[in-house]
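Let's take a friendly walk through this structure, stopping at a few places along the way. Keep the viewer open and follow the residue numbers as they come up.

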Amino acid sequence: MASFLAVLVCAIRGVPIGKTLLTGNRTSRGPAYGAHLAECFGLPAVPTHVHHTLQRGMLAVSELKSRVPPADPNPSLGYNKAYQVIVQFKNIRRELWLNGRFTSIDALRARETYVVDLRQEPRVLLQNPWHNVNFHMPITTLKAYAEQNDMPVFADLAQPPTIGHDDPVMRQLARAVSAAFAHRHQASGLLLDTILDAVCANVLGRYGTSRSAASVRSRGLAPWQERRAKELMDEHLDVSMSKLAEECGLSVAHFGRAFKSSTGIAPHQWQLGRRVKRAQALLTGSSLPIAEIALKCGFSSQSHFATAFKENIGASPGRWRQLDLGGRSSKIDSDN
């Protein structure tokens with residue numbers, strides 16, 4: 001059907017079949033949200049909110065509307081590793097091009113949700129007055145959000161841009177965005193951040209496809225990641241899991257799973273083993289008080305140190321020091 005419509009439009013417009021309907025292939029590179037997105041549709045500044053999320057990611061939402069349809073297709077925004085998730089507020093007709101090639105003429109229905117892959121450099125010609133809420137969702141953010149919340153490993157939003165979805169959750173969230181833009185107050189930013197988090201969860205849950213989590217998790221850390229994590233735990237006995245994960249470029253949850261897959265034990269168990277080993281060396285090679293050794297080895301208190309040491313070694317730190325000193329004295333006596 002889409003190919004038939006493409007041929008029909010080409011014939012009406014006098015364009016040779018198989019050729020793009022766009023001339024000049026205009027590109028306006030910039031973020032696919034906010035002022036730049038509005039400019040591409042010939043609009044003044046539009047209400048926009050940007051939410052900076054975990055691992056330096058971001059989500060954005062813009063509300064766009066016009067009483068006058070544009071005369072020409074919007075310029076390409078360039079290749080962008082992100083999706084637009086759009087909730088329409090009006091019924092409109094749209095001509096669509098992907099990667100510079102005419103794709104279809106569609107009727108977009110009010111109250112429905114459409115997913116557009118910006119890697120396909122979409123361009124549209126809107127034929128009616130229009131109004132929508134446009135959610136900008138980078139792929140890196142979707143992956144990080146899924147990983148951080150222990151969801152299936154994100155692969156794609158495999159939804160044709162011509163198919164609308166009757167999604168009551170997205171419909172209500174888009175209405176909430178429009179109301180928040182129209183009636184701002186001192187907590188509007190926080191409110192919009194929360195809405196964007198909810199949109200991200202809903203989009204991943206309803207439209208996302210995933211790779212096998214088991215196959216990804218079984219891979220463990222890359223050699224450089226494992227080496228770096230162990231180096232940090234040796235150098236800084238009190239290093240946090242969040243710091244280790246950040247150094248490896250992973251979320252805390254993913255780092256924990258991958259480290260255990262690579263080493264056979266959880267990161268905190270490895271770290272505890274290094275602390276106890278350092279404590280053994282100090283008990284043997286110094287006369288430092290046990291309380292000071294506990295602090296030097298990253299334990300929060302002497303009692304915490306004593307409990308962990310006994311669980312791993314089978315004796316308290318004081319007893320272990322006595323036994324070690326006694327063993328060395330016996331050896332000195334026998335050598336003499």
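A cavity here is a set of grid points where a 1.4 Å probe fits but cannot get out, and a residue belongs to the lining if it has an atom within 4 Å of one of those points. Please keep in mind that you are looking at a predicted model.

With that in hand, how many cavities of 30 Å³ or more does the structure hold? There is 1, and the space in the largest cavity comes to about 290 Å³. Its lining is made up of 21 residues, and those nearest the centre are Phe41, Gln84, Ile86, Val124 and Asn134. If you colour the model by secondary structure, you can see which elements give two or more residues to this lining: strand 3 (82-88), strand 4 (92-98), strand 6 (113-117), strand 7 (123-126) and strand 8 (130-138). Sorted by class, the lining of the largest cavity counts 14 nonpolar, 5 polar and 2 charged residues.

Next, the loops. Most residues other than glycine have a negative phi. Against that background, asparagine 99 deserves a look, with a positive phi near 50 degrees. You will find asparagine 99 in the loop that links strand 4 to strand 5 (101-108). Where does arginine 111 lie? Its place is the loop between strand 5 and strand 6, and arginine 111 also has a positive phi, near 80 degrees.

The crossing of helix 4 past helix 5 is left-handed. Helix 4 brings residues including Leu173, Val177 and Phe181 to the contact, while helix 5 supplies, among them, Leu192, Ile195 and Val199. By class, the contact of helix 4 with helix 5 has 15 nonpolar residues, 2 polar ones and 1 charged one.

On the helix 7 side, Lys230, Met233 and Asp234 take part, meeting Pro267, Trp270, Gln271, Arg274 and Arg278 of helix 10. The class count for the contact of helix 7 with helix 10 is 3 nonpolar, 1 polar and 4 charged residues.

The other partner is helix 12 (residues 302-313), whose axis comes within 10 Å of that of helix 10, with a crossing angle of roughly 95 degrees. That angle makes helix 10 roughly perpendicular to helix 12. Which residues meet here? Leu272, Val276, Ala279, Gln280 and Leu283 from helix 10 are in contact with Phe305, Ala308, Phe309, Asn312 and Ile313 from helix 12. The contact of helix 10 with helix 12 divides into 8 nonpolar and 2 polar residues, with no charged residues.

Technical notes: Residues are numbered from 1 along each chain as its sequence is written. This is a predicted model: local features need pLDDT of at least 70, side-chain atom pairs count only at pLDDT 80 or more; totals for chains, interfaces and linings use all residues. Side-chain values use heavy atoms; hydrogens and water are left out. Contact means heavy atoms within 4.5 Å. Helices (H or I, at least four residues) and strands (E, at least two) are DSSP runs, numbered from the N terminus. Ala, Val, Leu, Ile, Met, Phe, Trp, Tyr, Cys and Pro count as nonpolar, Asp, Glu, Lys and Arg as charged, and the others, Gly among them, as polar. On a 1 Å grid over the protein atoms alone, a cavity is a set of points where a 1.4 Å probe fits but cannot get out, and a pocket is an open set with protein on both sides within 12 Å along at least five of seven lines; lining residues have an atom within 4 Å of a point. Grid points are joined across faces, edges and corners, and a volume is the space filled by probe spheres set on the points. Axes are lines fitted to C-alpha atoms, for helices over the stretch in contact, and angles run from 0 to 180 degrees between N-to-C directions. Angles under 35 degrees count as roughly parallel, over 145 as roughly antiparallel, 65 to 115 as roughly perpendicular and the rest as oblique. A crossing is left-handed if the near helix is turned anticlockwise from the far one by less than a right angle, and right-handed if clockwise.
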